[in-house]
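Dear colleague,

Please find the structure below, handed over for your use.

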Amino acid sequence: MTNRSVEIGVNGAPVTGAVEPRMLLVHFLRLVAGLSSPRVGCDTSSCGACTVLLDDENVKSCTIFAVQADGRRVTTLEGLTGADGRLSVLQKAFWVAHGLQCGYCTPGLIMAAYPFVRRHCLDDSQADDDEIREAISGNLCRCTGYVNVVAAIRDAIHGGR
Amino acid sequence: MCGVAVYPAAFDYLDPTSVPEAIDFLQSHEGEDVKVLAGGQSLIPLMRLRFARPSYLVDLNRIRALRSLNLEGGWLQIGALVRESELERSREVRQRFEILYETTRVIADPSVRNLATVGGNLAHGDPANDHPATMMALDASVVADGPQGERVIPVRQFFLGLFETALEPAEILTEIRIPSVPPDTGLAYRKLKRQVGDFAIVGVAARLSLTSGIVSDAHLVYTNVGATPQRIESAAQGLVGHQATEEAFWSAGTAAANALELRDDIRGSSLYRHRVVRALTTRALCAARERASDGGDR
């Protein structure tokens with residue numbers, strides 16, 4: 001089984017590697033790119049802890065091979081934070097609204113919500129709680145009961161425009 | 001690279017940039033375990049669990065020609081690489097085919113729908129998938145391209161058995177074609193599931209045509225209650241000639257529940273499913289009636 005050379009733009013910088021075709025994107029991000037925010041939670045495409053942006057859309061990085069992302073852009077939670085460590089609006093909203101407890105699911109939740117929040121900020125449109133809950137319906141959190149997560153996303157839409 | 005934490009069995013990977021290139025590869029490897037990858041949202045989980053361990057994976061994602069989503073002359077053409085989320089966000093599609101929007105919205109979750117394809121939902125041949133019933137109700141066709149050229153297969157003849165379709169080993173599903181819906185006709189899809197991401201306990205696609213409040217044609221197709229999508233013509237045709245009332249719909253639902261071979265499984269007993277079929281059928285037909293009577297093909 002031949003290895004493939006890939007170059008993936010991860011958080012704005014190219015990351016290259018010769019990988020087995022069977023390597024999942026989440027493992028590339030963790031083992032090759034050295035990032036810890038994409039988590040391997042359920043291994044069955046259910047929990048969403050591995051959610052990242054592929055180009056600009058949220059996907060589950062445990063359900064796509066690294067070779068498929070060759071030549072494309074991937075953004076992880078690390079890519080939302082400014083170089084000076086300044087948090088993005090959405091990250092800050094999670095912090096302020098206490099939208100996390102143990103934090104395991106948080107990177108995935110934020111990356112799943114990010115394109116949704118951005119679309120609403122760009123359109124200058126509101127999102128009701130049902131729409132917010134639908135947007136993060138592919139992400140499981142076992143601590144918060146989601147109430148503060150929903151509040152954080154709602155606040156980010158208000159604060160981000 | 002490292003052999004750490006990589007779950008699928010090893011395979012050789014091919015990412016052709018044209019359909020003929022992909023077909024050539026499939027033809028030269030007939031008899032071997034080759035899988036075609038589109039969205040991968042069913043196949044990759046199966047590979048991770050090693051229920052599928054193909055020797056070769058032919059990834060269609062670099063074939064630009066398969067990305068088109070066109071509405072022309074009333075026909076909707078969905079290329080094999082069109083994602084569920086594209087269908088979900090297209091206002092033109094929703095305006096003309098509300099049932100497609102409705103179906104895509106109940107599939108998995110938004111992150112999965114950003115990769116999952118409509119074509120894959122059909123080609124996978126899983127009776128728990130939602131588009132098969134909807135496409136049968138819409139009387140859609142798929143285009144299969146292979147060594148002998150293209151052929152058009154009506155979706156109603158596409159599903160042969162559990163994970164078994166009319167596609168030949170060297171054929172690729174390249175496109176779905178959906179005819180426009182006449183103004184007197186409405187369609188709706190209803191699905192009951194335990195939670196987001198779970199398969200249907202039961203799903204139903206209903207199609208209803210009306211003339212002055214009288215049913216002139218009807219179709220009912222069910223998800224996840226057999227090895228293939230189950231089209232129950234006896235129950236649907238029993239509506240023809242009758243007033244389109246909720247009582248008539250309830251009777252059709254009862255007839256369908258009696259005609260289906262409902263089983264007990266982890267998602268519910270056969271008795272429970274019998275009741276779900278009756279209720280969902282009634283709701284789907286009521287929604288279809290609304291869409292038929294307001295003169296649109298939604």
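The buried residues of H5(A) are covered by elements that include helix H2 (89–96), helix H3 (106–123) and helix H4 (129–135) of chain A. This is a predicted model, in which local features need pLDDT of at least 70, side-chain atom pairs count only at pLDDT 80 or more, and totals for chains, interfaces and linings use all residues. Residues are numbered from 1 along each chain as its sequence is written, while chains are lettered from A and ligands numbered from 1 in the order in which they are written.

Helices (H or I, at least four residues) and strands (E, at least two) are DSSP runs, numbered from the N terminus. A residue is buried if 20 or more other C-beta atoms, placed from the backbone, lie within 10 Å of its own. In H5(A) the buried residues are Val149(A), Val150(A), Ala152(A), Ile153(A), Ala156(A) and Ile157(A). They lie on the same side of H5(A), because they cover an arc of only 160° around the axis, taken from the directions from the helix axis to the C-beta atoms.

Chain B contributes 26 residues to the contact and chain A 33 residues; two residues are in contact if their C-beta atoms, placed from the backbone, lie within 7 Å. Strand S3 (56–59) of chain B is among the elements giving two or more residues to the side that touches chain A.

Leu57(B) is found in strand S3 of chain B and is buried, with 25 other C-beta atoms within 10 Å. Among the residues that Leu57(B) touches are Pro21(A) and Phe11(B).

Yours sincerely

Note on methods
Buried ≥ 20, exposed ≤ 12 C-beta atoms within 10 Å, placed from the backbone. Lists of a residue's contacts leave out its neighbours within four places in sequence.
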